[in-house]
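Q: Can you walk me through this one? I'm new to reading structures.

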Amino acid sequence: MERINYKDIPHGMFEKLRAVEDFISNSTLDVKLLGTIRLRASQANGCAYCVGMHHRELKHLGESDLRLSSLCVWEDASCFSEKERTVLRFVDALTELNRSPISEVIYTPLLNFFSKEDICYLTLSISQINTWNRLMKTFDFTPGHHKTKK
């Protein structure tokens, strides 16, 4: 049973978070890349609700079973491009924060594929899914109830 359900959430809280989602969605970042970021961070955080939701959304966008099942071991999977690997390295670093700044070894390769504006959007999208993961793990939302948009 959910600890906190939708009716318990302060009015406006999810609406503000969704406004940030809309802001990210209107960026130049590819929708599949955003979905991959969300799924990978959710896997790293162990958020069953968000893993199920983002897996389903990526499947709906035509993502392959091989890539979906390999994302949790992306470092050993050959089905991800160098651009995706660069982003996934950044996702993992920003999701599993330590007390140190993000290293140049992780940041600098992003510049081979993205503008500084895009890197801002990448950072915000990773931060945003980490926020959602923490909310869902605290609220204990039941996985599998999310419906994909048609």
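This is a predicted model: local features need pLDDT of at least 70, side-chain atom pairs count only at pLDDT 80 or more; totals for chains, interfaces and linings use all residues.

A: Residues are numbered from 1 along each chain as its sequence is written, and side-chain values use heavy atoms, with hydrogens and water left out.

Q: Which residues of H1 are buried?
A: Phe14, Leu17, Glu21 and Ile24. Buried means under 20% relative accessible area, with a 1.4 Å probe and protein chains only; exposed is over 50%, and partly exposed is in between. Helices are DSSP runs of H or I, at least four residues, numbered from the N terminus.

Q: Where do they sit around the helix?
A: Down the axis of H1, they fall within an arc of 75°, so they line one face. The arc is taken from directions from the helix axis to the C-beta atoms.

Q: What do they pack against?
A: Helix H2 (31-45) and helix H7 (116-139). Contact means heavy atoms within 4.5 Å.

Q: New topic. At what angle do H5 and H7 cross?
A: Roughly 50°, with the axes coming within 10 Å. Axes are lines fitted to C-alpha atoms, for helices over the stretch in contact, and angles run from 0 to 180 degrees between N-to-C directions.

Q: Which residues meet there?
A: Among them, Phe90 and Leu94 in H5, and Leu122 and Ile126 in H7.

Q: What about the phi of Asp140?
A: Asp140 has a positive phi of about 60°, although it is not a glycine. Most residues other than glycine have a negative phi. Asp140 lies in the segment after H7.

Note on methods: Helices (H or I, at least four residues) and strands (E, at least two) are DSSP runs, numbered from the N terminus.
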